[in-house]
Amino acid sequence: MFSIPCIIFAGGKSSRMGEDKALLPFGNSPTLTQYQLQKLQKIFKNVYISCKNKDKFEFLDASFIEDVQSDNIFAPTTGFISIFEKLKEDSFFVISVDTPFISKYEIKKIIENDNPHADATIAKLACGIQPMCGIYHRSLEDEFINMLKENNHKLGFLLKNSNTTFVSFEDEKPFLNLNNPQEYKQALTLV
């Protein structure tokens, strides 16, 4: 098991899905969040769920990091600030709730390529970087605070202008995002 904390981001607006994707059933689990949590608890010693309000997960026995910065911003920026405030560790692994096919293989490769001098270590595909799959270091805390002040929530811009290690992957299937009903239906056939 990896000792670096893992954070599942489950506080998005899900506007393209039309309903809260974190609460959609997936595989043998009642919700996508439970599916991710059960899988990641076998890989990491400590797994947290980042969300706007943990009340929507009252059925779930888990550790939460509630986003205390803003109720009307549905970007991960405010979640990152809350994580830095709550956790004492210098780095943590992040994964979006809507990427259920990430496996220990991809996670291990990212962790093995991380170094303490990097600001972040992030998965990269031919189609682009995957900001919500990788490791973020405390050296970026002030940058996230500045991003919030400037109402700039572009993680890609932050990563390209920081000391980021990009870890390349050829297979895009593990990084399949469930952003809309069609992608969700497709993913259900792959579980």
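This is a predicted model: local features need pLDDT of at least 70, side-chain atom pairs count only at pLDDT 80 or more; totals for chains, interfaces and linings use all residues.
**Exercise 1. Helix 1**

Which residues of helix 1 are buried?

Solution. 
Step 1. Find helix 1, which runs over residues 32–40.
Step 2. List its buried residues: Leu32, Thr33, Gln34, Gln36, Leu37, Lys39 and Leu40.
Step 3. Draw the conclusion. Seven of the nine residues are buried, so helix 1 is largely enclosed by the rest of the structure.
Step 4. Look for the cover. What lies over these buried residues includes strand 1 (6–9), strand 2 (47–51), strand 4 (91–96) and helix 3 (104–113).

**Exercise 2. Aromatic rings**

Decide why the rings of Phe26 and Tyr35 count as edge-to-face. Then decide why those of Phe80 and Phe144 count as stacked.

Solution. 
Step 1. Count the pairs. There are 14 aromatic pairs.
Step 2. Take Phe26 and Tyr35. Their ring centres are 4.8 Å apart. Their planes stand at 80°, so the pair is edge-to-face; the cut-off for that class is over 60 degrees. Phe26 is buried, with a relative accessible area of 1%.
Step 3. Take Phe80 and Phe144. Their ring centres are 4.4 Å apart. Their planes are at 15°, so the pair is stacked; here the cut-off is under 30 degrees.
Step 4. Phe80 belongs to helix 2 (residues 76–86) and Phe144 to helix 4 (residues 141–149). The two are 64 residues apart, so look at distant parts of the chain.
Step 5. Check burial. Phe80 is buried at 0% relative accessible area. Phe144 is buried at 0% too.
Step 6. Widen the view. Phe9, Phe80, Phe84, Phe92, Tyr136 and Phe144 form one aromatic cluster.

**Exercise 3. Charges over rings**

Which ring lies under the charged end of Lys109, and which under Lys124?

Solution. 
Step 1. The charged end of Lys109 sits over the ring of Phe169, 4.7 Å from its centre.
Step 2. Lys124 lies over the face of Phe166, at 5.7 Å from the ring centre.

**Exercise 4. Salt bridges**

How many salt bridges does the structure hold? Describe some of them.

Solution. 
Step 1. The total is six salt bridges.
Step 2. Lys21 and Asp98 meet through their side chains (2.7 Å, N to O). Lys21 is in the loop between strand 1 and helix 1. Asp98 is in the loop between strand 4 and helix 3, and the partners are 77 residues apart.
Step 3. Buried means under 20%. Lys21 has 11% and is buried. Asp98 has 4% and counts as buried.
Step 4. Asp67 and Lys52 form another salt bridge (2.9 Å, N to O). Asp67 is buried at 7%, and Lys52 is buried at 16%.
Step 5. Glu141 and Arg138 also meet (3.2 Å, N to O). Arg138 is partly exposed, at 23%.
Step 6. Asp90, Arg138 and Glu141 are linked in a network of salt bridges.

**Exercise 5. Strand 6 and its partners**

In which sense does strand 6 pair with strand 4 and with strand 5?

Solution. 
Step 1. Strand 4 and strand 6 pair in the antiparallel sense over five bridges. Ile95 has Cys133 of strand 6 as its bridge partner.
Step 2. Strand 5 and strand 6 are antiparallel as well, over six bridges. Thr121 stands opposite Ile135 in strand 6.
Step 3. A hairpin of two residues joins strand 5 to strand 6.
Step 4. Check the cover. Eight of the 10 residues of strand 6 are buried, and the strand is mostly covered.

Definitions and conventions:
Residues are numbered from 1 along each chain as its sequence is written. Side-chain values use heavy atoms; hydrogens and water are left out. Buried means under 20% relative accessible area, exposed over 50%, partly exposed in between (1.4 Å probe, protein chains only). Helices (H or I, at least four residues) and strands (E, at least two) are DSSP runs, numbered from the N terminus. Contact means heavy atoms within 4.5 Å. Rings of Phe, Tyr and Trp (its six-membered ring) pair if their centres lie within 6.5 Å; planes under 30 degrees apart count as stacked, over 60 as edge-to-face and the rest as tilted. A charge sits over a ring if NZ of Lys or CZ of Arg is within 6 Å of the ring centre and within 35 degrees of the ring normal. A salt bridge is a side-chain nitrogen of Lys or Arg within 4 Å of a carboxyl oxygen of Asp or Glu. Two strands pair if DSSP finds at least two bridges between them.
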